[in-house]
Amino acid sequence: MNMTFLQGLLTNISSRTRQLSSALGTDKDSENHFTALKAACKGLMGRTGEASQILMAQQALAHYRALDEEEKLAFFQLLANDYAAEPADIHTAYAVYREREDNASLEKLFNACEPRRQTLLRRLNLCPGGTFDLVNMRADLLKFLRQSPELSALDSDFAHLFNSWFNRGFLMLESIDWNTPAAVLEKIIRYEAVHEIGDWHDLRRRLDPDDRRCYAFFHPATGDEPLIFVEVALCDGIPGNVQRILEHGEELPLEDADTAVFYSISNCQAGLKGVSFGNFLIKQVVQELSRELPQIKNFVTLSPVPGFADWLDEARKEAALSEELTAYLDTHESEELSSAAHKEFMRLASHYLVDVKHKSGQPLNPVARFHLGNGASLHRLNWRADTSSKGLKQAHGLMVNYLYQLNRIEQNHEAYSVNHTVVCASDIRRQANQASQYFETKTPAKA
């Protein structure tokens, strides 16, 4: 069953359900969507047939979409408080388990501990389009977590369910090219998060030439909504400048390409934060390209270093930097630095990527955590590799090549997972060690 057929089937079911809802007079606007939503959720938790549950789920989600921000927060607080697990049921089930300690008692205890809101979310997911509505609902929830940390348990319930619903077995890898339906291409433009796609001509430069590839993961329940996508350039050698890739001058004959460069990876759905797609995507794309183009020997990224400039601003308060480097960091006017100032910059960048840690013990830089956790190694730092305003602002133009070596991915992943080891090239390790001269105390890190 291909994605197009499945998407059409789900669309047809959704349309027929809306027609039924309209015929029953149940899709009319409510003067109080919050009250109607509460009633629909209460009905969903009752004993009703599947057809009724589908209809009530559709009504509930329609009422949710009509809420304002204040009402959405109130709804999340309702789920967190009124749809939690029942303490009395947990105590009763635990007492039984202490007496018997068998599998049947354990199952009852497990069921008693599960918050009732997980059942509600599963039933909301029954209607066509429900999965994507719930993904958007969690995106709304994430916006409230900082001001309302008591909702973190509710967020954990979403994450628990999404990790099951979006596991690797349900994901479909699709190749995106210039002949892909326009509805999908428009989403690629909108969701590009690393290097903005200016217009359709810009998109065509990234998709149409033979030496360009794009791959995306889709899910049967979300139709033509991509979950994550990666843009790939086929090159002769490992590139160190993203503008040359984005501007894309002369097309490279495929027989001359020995390197596949992952230069942009974009997560598309904010509500799926924490659900792992990227590691599966990169590894499967490596396999696809290896089969199609066996002459490709290098699989690397050309990755941004978000947060480096902010970290360096703080580090400069306690590090004695040269006047030349200080002037560059403040203005970015010099395209070239002296050998000494260039080495100084690279030492600081190496120290940041190798030694500066998050409170979890992993590297502070989120892109480094992603690729090192996938089994890549920190291969090369590239000076002024992104001279766009965004690239200069977030990392003073610095970009990084992470190297995916097929015979070392699992070994690197194991070293990182167990000990948070940053596997890197020897020159980067040496430069990181040399950076200690700039700091009398531990360099600052962020939570």
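Tutor: By class, the lining of the largest pocket comprises 19 nonpolar, 17 polar and 4 charged residues. Here Ala, Val, Leu, Ile, Met, Phe, Trp, Tyr, Cys and Pro count as nonpolar, Asp, Glu, Lys and Arg as charged, and the others, Gly among them, as polar. The model is predicted, so local features need pLDDT of at least 70 and side-chain atom pairs pLDDT 80 or more, while totals for chains, interfaces and linings use all residues. Residues are numbered from 1 along each chain as its sequence is written, and side-chain values use heavy atoms, without hydrogens or water.

The pocket has a volume of about 1,000 Å³. (A pocket is an open set of points on a 1 Å grid where a 1.4 Å probe fits, with protein on both sides within 12 Å along at least five of seven lines; lining residues have an atom within 4 Å of a point. The volume is the space filled by probe spheres set on the points.) Of its 40 lining residues, Ile-265, Asn-267, Pro-366, Val-367 and Phe-370 are the closest to the centre. Two or more lining residues come from each of strand E4 (259–267), helix H13 (278–292), strand E6 (303–304), helix H17 (366–373), helix H18 (389–395) and helix H19 (409–419). (Helices, H or I with at least four residues, and strands, E with at least two, are DSSP runs numbered from the N terminus.)

Strand E6 leads on to E8. E6 and E8 are antiparallel and pair over 2 bridges (pairing takes at least two DSSP bridges). Ser-303 has Val-400 of E8 as its bridge partner, and Val-400 is also the bridge partner of Leu-381. Strand E7 (residues 377–382) is joined to E8 by 5 bridges, again antiparallel.

Strand E8 (residues 399–403) is largely enclosed by the rest of the structure, because 5 of its 5 residues are buried (under 20% relative accessible area with a 1.4 Å probe, protein chains only; exposed is over 50%, partly exposed in between). Met-399, Asn-401 and Leu-403 point one way, Val-400 and Tyr-402 the other. In a regular strand the side chains alternate between the two faces of the sheet.

His-420 lies between H19 and helix H20 (426–434). Its phi is near 55°, a positive value in a residue other than glycine. His-420 is partly exposed, with a relative accessible area of 26%.
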